[in-house]
Amino acid sequence: QETTSDSNKYIIATDTVFAPFEFTDASNKFVGIDVELLDAIATDQGFEYELNSLGFDAALLAVEAGQADGVIAGMSITEERKAKYDFSDSYYESNVTMAVAIDSDISSYEDLSGKKVAVKTGTKGADFAKSIMEQYGFEITEFSDSPNMYQDVIVGNTVACFEDYPVMAYNIKQGAKLQMPGDIKESGSSYGFAVSKDKNSELLEMFNKGLANIKANGTYDEIIEKYTK
Ligand code: GLN
């Protein structure tokens, strides 16, 4: 098999912290839905890989630059991204939501007027915030990872952040001092594994076949349930 590295392992890039899709657990193990789906698919299809946790924006750039063969990072399949990446079949449905501090009285986009809002570079959440920032008159501060974005809202430097709904819901359940006013769900999208456009097509094919197999044999459901129950 052809890979970007000298070994016969595919280099797969991912985010650093995007729970429950990828994160480091209490026993210091890198885990999550993406991590386990990739592993189950690789086992099913008999390919080897090395998972590199780079950050979301960095992971996309690594694939684009040919430093990684693929990316699995809760990455939304979008028409715009299809110019640069080929996507697998989708493996999870998602949306963008707004989160504010637990004691905040911000309840709508109108309340963001004149305030600062946190986003994560290169994400759909950032795109969505940028698409409404003029209309609602807020400013944007960018972060390269989700935990620092949340923290900025919690300490009150920014009054809200835009994040994927399932990720925000999971973090709030785990105790993040944030809330989602109105349980907003914007910009629906599904997550896919991606490779550089017209490259590593055999890897993409194996991902799709493996995904279909683990959906058929129950492994997919087990993994999702483990992290979302
Ligand atoms: N789903 C979002 C996107 O693709 C965010 C992904 C992430 O932050 N890891 O833009």
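At what angle do helix 1 (residues 33–45) and helix 6 (residues 201–216) pack, and how far apart are their axes? In this predicted model, the angle is about 100° and the axes are 8 Å apart. Two packed helices are described by these two quantities, the angle between the axes and the distance between them. Angles from 65 to 115 degrees count as roughly perpendicular, so helix 1 is roughly perpendicular to helix 6.

The residues that make this contact can be listed by helix. Helix 1 contributes Ala-40, Ile-41, Asp-44 and Gln-45. Helix 6 contributes Met-206, Phe-207, Lys-209, Gly-210, Leu-211, Asn-213 and Ile-214. Sorted by class, the contact of helix 1 with helix 6 consists of six nonpolar, three polar and two charged residues.

The next level is the chain as a whole. An unreviewed UniProt entry annotates residues 9–229 as "domain: Solute-binding protein family 3/N-terminal".

The domain assignment divides the protein chain into domain 1 (9–91 + 192–228) and domain 2 (95–188). Domain 1 is thus given as two segments, because its bounds are written as 9–91 + 192–228 in the assignment. Taken over C-alpha atoms, the centres of domain 1 and domain 2 are separated by 25 Å. The contact between them draws 13 residues from domain 1 and 13 residues from domain 2. On the side of domain 1 that touches domain 2, seven residues are nonpolar, five are polar and one is charged.

The shell is formed by Asp-15, Phe-18, Phe-56, Ala-73, Gly-74, Met-75, Ser-76, Ser-94, Lys-120, Thr-123, Lys-124 and Asp-164. By class, this shell has four nonpolar, four polar and four charged residues.

Two details of the backbone remain. Most residues other than glycine have a negative phi, and most peptide bonds are trans. The bond joining Ala-19 and Pro-20 is a cis peptide bond, with omega about 10°. Pro-20 is found in the loop between strand 1 (9–14) and strand 2 (23–24). Ser-187, a residue other than glycine, has a positive phi, near 45°. Ser-187 belongs to strand 12 (residues 186–191).

Conventions. Residues are numbered from 1 along each chain as its sequence is written. This is a predicted model: local features need pLDDT of at least 70, side-chain atom pairs count only at pLDDT 80 or more; totals for chains, interfaces and linings use all residues. A residue is near a molecule or strand if its C-beta atom, placed from the backbone, lies within 6 Å of it. Ala, Val, Leu, Ile, Met, Phe, Trp, Tyr, Cys and Pro count as nonpolar, Asp, Glu, Lys and Arg as charged, and the others, Gly among them, as polar. Two residues are in contact if their C-beta atoms, placed from the backbone, lie within 7 Å. UniProt positions are given in the numbering used here, feature names are shortened, and annotations may be inferred rather than shown by experiment. Axes are lines fitted to C-alpha atoms, for helices over the stretch in contact, and angles run from 0 to 180 degrees between N-to-C directions. Helices (H or I, at least four residues) and strands (E, at least two) are DSSP runs, numbered from the N terminus. Angles under 35 degrees count as roughly parallel, over 145 as roughly antiparallel, 65 to 115 as roughly perpendicular and the rest as oblique.
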